[in-house]
Amino acid sequence: MRRRFGVEYTLAGMDLLLHRIGWSVQVPSRKATERDEEKIAAWKDEQWPVIKRPRRTWAPGSASRTRPARA
């Protein structure tokens, strides 16, 4: 946008503008022919749990550096 029109927008701003004129996220119309469903399923079973660890349900803390959480 900056090179073409000399205007800067954030990603959220661009998303809003494009949706206003009726554009949307492009999604492939078909799956790749090279896609191996068995390998994908194996990866999801083996690798994804390692990457996506469970969140702590609750922990004391604060996002503020100047005002830490009280114990």
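Colleague: What makes the nonpolar surface patch of about 400 Å²?

Modeller: Met-1, Phe-5, Val-7 and Tyr-9 make it. Patch members must have over 30% relative accessible area and no salt bridge; nonpolar side chains (Val, Leu, Ile, Met, Phe, Trp, Tyr) are joined within 5 Å, like charges within 9 Å. Areas come from the Shrake-Rupley method with a 1.4 Å probe, and for residues only the protein chains shown count as cover. This is a predicted model: local features need pLDDT of at least 70, side-chain atom pairs count only at pLDDT 80 or more, and totals for chains, interfaces and linings use all residues. Residues are numbered from 1 along each chain as its sequence is written, and side-chain values use heavy atoms, with hydrogens and water left out.

Colleague: Why is Met-1 called partly exposed?

Modeller: Buried means under 20% relative accessible area, exposed over 50%, and partly exposed in between (1.4 Å probe, protein chains only). Met-1 has 42% relative accessibility, so it counts as partly exposed. Met-1 lies in the segment before helix H1 (2-5), where a helix is a DSSP run of H or I with at least four residues, a strand a run of E with at least two, and numbering starts at the N terminus.

Colleague: How many salt bridges are there, and what makes Arg-2 and Glu-8 one of them?

Modeller: A search of the whole structure finds 2. The criterion is a side-chain nitrogen of Lys or Arg within 4 Å of a carboxyl oxygen of Asp or Glu. The closest N and O atoms of Arg-2 and Glu-8 are 3.4 Å apart, so the pair meets the criterion. Both Arg-2 and Glu-8 are exposed.

Colleague: Which side chains meet in a salt bridge at 2.5 Å, N to O?

Modeller: Those of Arg-35 and Glu-37. Arg-35 is partly exposed because its relative accessible area is 40%; Glu-37 has 42% and is partly exposed.

Colleague: Why is the pair of Trp-43 and Trp-48 called tilted?

Modeller: The structure holds 1 aromatic pair. The ring centres of Trp-43 and Trp-48 are 6.0 Å apart and the planes stand at 40°, so the pair is tilted. Rings of Phe, Tyr and Trp (its six-membered ring) pair if their centres lie within 6.5 Å; planes under 30 degrees apart count as stacked, over 60 as edge-to-face and the rest as tilted. Trp-43 is partly exposed at 39% relative accessibility, and Trp-48 is partly exposed at 40%.

Colleague: What share of the chain is buried?

Modeller: Buried residues make up 3% of the 71 residues. The chain comes to 4 helices and 0 strands.
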